[in-house]
Amino acid sequence: MAPARTTDVDFTQFYNIVNGEKRSSKEFLHGFNPSTQQDLWDVPIASPEDIEETIQAAKTAFKSWSKTAMDERSVLLKKYAEAIKPYLGDLGDLVMKEIGKPVRFAHHEAQYAYSELIKSANLRLEDETVQGEDREYVLRYQPLGVVAAICPWNYPLGQATMKFLPGLMAGNTVIVKPSPFSPYSALKLVEIAQGILPPGVLSVLNGNDSLGPLLTTHPGIAKISFAGSVATGKKIAESAAKTLKRVTLELGGNDATIVCKDVDIEKAAPQVILGAFFNTGQVCAGTKRIYIHEDIYPQFLEAIAKAARSFKVGASDAEGVTIGPVQNEMQYNKVKSIFDDAKTHGYKTIGNGAVIDKKGFFFEPTIVDQPPANSRIVTEEQFGPIVPSMPWSTEEEVIELANDSEMGLGASVWSNDLEQATRIAKQLDVGSVHINSMEKVSIKIPFGGHKESGIGVEGGPGAIKTYCDLQVLHYYKAGDAQVH
Ligand code: NAD
């Protein structure tokens with residue numbers, strides 16, 4: 001039997017969740033639908049008292065949640081998964097409206113949140129025993145306390161669940177802080193958990209610019225799990241250092257895609273360009289630079305341009321749309337300024353940039369043909385539907401070009417020769433390399449960045465460990481301990 005919807009989940013009213021309770025505020029902010037630029041619903045801005053109460057409630061809840069058996073936590077997360085099931089359509093609609101994600105992808109993100117709940121409920125963390133010469137060691141993992149999960153706007157459900165689920169399974173209590181650009185689906189997701197998880201175990205706070213810094217300096221927070229820009233990541237590392245909070249920083253990328261000369265152009269090209277423009281180019285591990293072997297450069301460029309032209313651009317609720325609007329005005333202006341910079345410098349562009357005559361932050365997918373290595377479009381993370389394409393001749397050269405970035409999140413290599421692809425992949429200074437595929441982040445496998453793309457990893461079977469401190473017990477037989 002399908003689980004029942006309850007009448008008290010209202011998708012037009014939004015609350016912070018403080019100590020298990022819905023809390024409004026005297027102050028509000030609201031998002032915009034990027035497809036229409038229309039105002040979305042008011043969301044309360046957490047007051048300093050709300051923030052303090054939430055942290056104290058999370059600290060109190062930690063005392064019993066950390067001692068709750070993992071199997072019991074798992075049962076509750078599965079119940080939570082069942083509770084969100086009747087609302088997946090509503091949650092998907094919120095994602096569609098708050099970030100402009102085309103409806104089919106927005107609903108997929110809601111479905112993903114559900115399946116992550118189930119998968120995470122199945123994660124376990126066992127003690128490990130190591131036999132030493134004179135003693136036995138037991139390695140055990142202790143939860144940290146209160147975790148603040150600070151999220152970006154591009155995957156509001158995906159990013160929140162990727163953080164709070166392993167955090168909770170480890171025995172921590174978690175406070176989710178969504179981006180003020182896209183708070184709606186995360187607020188609702190956490191609201192639905194109340195009544196299933198004990199009060200204070202999972203909370204959510206929406207705020208303005210002061211909320212993040214407040215959480216990262218608060219002595220009651222033990223860990224910051226953050227995804228967002230490199231600039232904010234550095235600020236977080238700095239403030240977390242004051243109380244030596246644990247941090248996981250999942251930051252920006254300038255990922256290179258390397259296309260070798262032996263690829264099947266017709267097959268590879270549409271996937272390569274989708275890797276750059278999926279989610280309107282707003283994917284941390286999306287392709288940000290395309291390097292094509294010189295022998296096939298003109299043909300491959302034409303094939304990616306043709307595929308790009310075939311993507312329907314439009315409002316997130318319109319049928320068949322692949323590329324929705326850019327999520328917010330600030331990001332739109334950044335993408336536009338990178339396009340204008342390319343035009344000012346006389347670089348050849350395929351696609352007209354921000355010319356789409358509609359209300360909303362629409363931007364025609366654009367390829368910049370052979371800009372110089374020091375141009376903005378090559379050196380900056382554009383995070384929008386514009387990508388540079390450059391030819392390469394030797395492996396040594398393309399590896400150097402790909403690694404010529406302060407960031408090192410991911411890359412992809414396309415070749416029919418797996419030896420060549422592996423040889424190139426192993427020399428790239430990045431956290432993940434996809435071979436013959438656009439990059440696809442999976443919570444089943446660890447994901448993290450090299451260099452300025454971050455510190456630590458998320459996901460994978462060891463995800464829970466990243467929310468724990470290690471403790472080693474040294475066992476001697478009573479009376480056997482020696483003084484060395
Ligand atoms: P952002 O850094 O502007 O904001 C991210 C979050 O941090 C928001 O919730 C924001 O309110 C909060 N914040 C801002 N200033 C803060 C401060 N001083 N202290 C604490 N919190 C603060 O990033 P964004 O624009 O929301 O997201 C886009 C960026 O995120 C891109 O660079 C993208 O590559 C990156 N990203 C990385 C990953 C990853 O897993 N590596 C995933 C998604 C997005």
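How far apart do the C-alpha centres of domain 1 and domain 2 lie? They lie 31 Å apart. The model is predicted, so local features need pLDDT of at least 70 and side-chain atom pairs count only at pLDDT 80 or more, while totals for chains, interfaces and linings use all residues. Residues are numbered from 1 along each chain as its sequence is written, and side-chain values use heavy atoms, with hydrogens and water left out.

**Stop 1: the two domains.** Select 16-252 + 453-471 for domain 1 and 256-435 for domain 2; these bounds come from an automatic or database domain assignment. The contact (heavy atoms within 4.5 Å) takes 22 residues from domain 1 and 28 residues from domain 2.

**Stop 2: the interface.** Domain 1 and domain 2 bury about 2100 Å² between them, with 57% of it on carbon and sulfur atoms. Buried area is the accessible area (1.4 Å probe) that two parts lose on being put together, summed over both. Next select Ser35, Gln37 and Trp153: in domain 1 these lose the most area to domain 2, together 24% of what that side buries.

Between the domains there are 13 residue pairs in polar contact, both residues at pLDDT 80 or more. A polar contact is a pair of N or O atoms within 3.5 Å; within protein, one must be able to donate a hydrogen and the other to accept it, and residues adjacent in sequence count only if both atoms are side-chain atoms. Helices (H or I, at least four residues) and strands (E, at least two) are DSSP runs, numbered from the N terminus.

**Stop 3: salt bridges.** Show Lys465 and Glu128, where the closest N and O atoms are 3.3 Å apart. Lys465 is in the loop between strand 21 (454-455) and strand 22 (468-475), and Glu128 is in strand 5 (residues 128-131), 337 residues apart.

**Stop 4: aromatic pairs.** The count is nine aromatic pairs. Rings of Phe, Tyr and Trp (its six-membered ring) pair if their centres lie within 6.5 Å; planes under 30 degrees apart count as stacked, over 60 as edge-to-face and the rest as tilted. Finish on Phe11 and Tyr87, a tilted pair at 5.8 Å centre to centre with 35° between the planes.

Note on methods:
A salt bridge is a side-chain nitrogen of Lys or Arg within 4 Å of a carboxyl oxygen of Asp or Glu.
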